[in-house]
Amino acid sequence: MRNIIRLIQSNSNLLLFLLIQVICFALLFNWRNTLHHSRYLSSTNQVFGNILSINASITSYFNLTKINQGLSLENELLNSKLYNQEILVSSDFVFLNDSVYKNQYGFLYSDVISSQYKNRENILILNKGLKNGVRLDMGVIGDVGLIGVVVGVGNYYCSVLPIINNKFELAVRHKKTKSFGVIKWLSDDNWQTATVEDIPSYMKVSLGDVIETSGATGIFPKGILVGTVIKVEEIEGTQFLNVKIAISEDYASIYNSYIIQNKLRGQFKLLKQGE
Amino acid sequence: MIGFLQKGLLFFVLLVVQVFFIDQLDIGQANFFIAPLIYGLVIISLPPSLEIWLLMVLALIMGLSIDLFRNTIGLNMSSLVMVAFLKNPLLNTIFSKDGYDPLKELNFTTIGWSNFLFFSLVMLFIHHFWFYIIEDFHFNRLHVLLLKALINALISVGFFILVHLITIKRK
């Protein structure tokens, strides 16, 4: 007994060090393995959210030109879609407010108040939360394309898992051939690229092709831009391609975002449970 | 007591610089490779006479406060505690017993420029390497991580020199 006490006394620093490391690792892996870690301390907290939003309100002035450019480009795109649609609609007898049609997706504008892109586990913070109707598992898109999925919600802030995070996985499709794949962020990707797996090797994927969302998870509508193909490789011994894409959204300068609410997601979840 | 308050203030300034300046810095293609961690300066420069357990607890608190901003609970904590634990043993192996004054804090003037440069480079290399290993958590890119740790340690040492030149007392 005395020997044990003496052992502990002589190695107390080492034991404390090991104890602290075990605590750190437990916290870290608990944090990593539960994607929906909103119950822990995080930037979705009131205090840290406030500090980050003060910082964002100061720095946003420096980027006004860039933001304006992005917004006006998006407006241009939307205008072209809107006016083209009018010509089409007027030739057929389709009523826009017919009760047969239902608005499936709602959009909510929000500012990106904190963005990371240098780490392996990057998280974005937006300034909309529970009080604005944001819930877990909602999709987030930017001016150009897909940003990520909401994984944590506070009262006034929410945290978003972007494509550039080890944990990110989403069903996407190749626009030309409509073949499904899964987008992941592997260890050899940097903050501008990502990898699409599971596209069969008989599909003709060429450089510059568009990868878009498939709508299979019920988080995003179909056809939102994710990125363009920059490299295609066949994996030896398998029937699948390894496609590298350039992410269309630039995480180093990201200020505007839209949170997407799928109004029929409840039904979707019920069906998924029945599987 | 005043020394500790000064260190606390220095840590606060370093935290602000780390979270709101260095993490947001946009340097084009090199963005992914260059991400220095500078807040280790406080732990490295505290006097060696301080008990290791106290140093580790301080490192734990500092790491936690960085982690809260960066949304990675445990990552910065673990790497900073590693630095605190290895500081005194490394100091004793690199320098002889009378090579430094244990009551004075460690910086460029108390133990000499070349000595502190070397010591802080070793400490920062350990800090960065441990950080990147836990962050990636697999070992097939070990050479990249080593190179990344070395480059970022060099950048951080440059930052230490800058801090020293700013805070130095002019006679």
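Chain A holds a closed barrel of 6 strands in the order β6-β7-β8-β11-β10-β9, with antiparallel pairing; strands count as paired if DSSP finds at least two bridges between them. From one strand to the next, the twist averages 40°. This is a predicted model, where local features need pLDDT of at least 70 and side-chain atom pairs count only at pLDDT 80 or more, while totals for chains, interfaces and linings use all residues. Residues are numbered from 1 along each chain as its sequence is written, and chains are lettered from A and ligands numbered from 1 in the order in which they are written.

**Inside the barrel's pairing**

- Strand β10 (residues 225-234) of chain A runs antiparallel to strand β11 (residues 240-247) of chain A, and 7 bridges join them.
- Val229(A) sits opposite Ile245(A) in β11(A).
- Strand and helix names come from DSSP runs numbered from the N terminus (helices are H or I, at least four residues; strands are E, at least two).

**Helices α3 and α4 of chain B**

- Helix α3 (residues 52-70) of chain B packs against α4(B) at about 155°, with the axes 7 Å apart (axes are lines fitted to C-alpha atoms, for helices over the stretch in contact, and angles run from 0 to 180 degrees between N-to-C directions).

**Helices α4 and α5 of chain B**

- The axes of helix α4 (residues 75-94) of chain B and helix α5 (residues 113-136) of chain B come within 9 Å and cross at roughly 150°.
- The contact of α4(B) with α5(B) has 14 nonpolar, 3 polar and 2 charged residues.

**Where the chains meet**

- Chain A brings 29 residues to the contact and chain B brings 26 residues.
- On chain A's side, α2 (12-33) and α3 (46-59) each supply at least two residues, and α2(A) gives the most, with 10 residues.
- That side of chain A has 15 nonpolar, 11 polar and 3 charged residues.

Notes. Ala, Val, Leu, Ile, Met, Phe, Trp, Tyr, Cys and Pro count as nonpolar, Asp, Glu, Lys and Arg as charged, and the others, Gly among them, as polar. Two residues are in contact if their C-beta atoms, placed from the backbone, lie within 7 Å.
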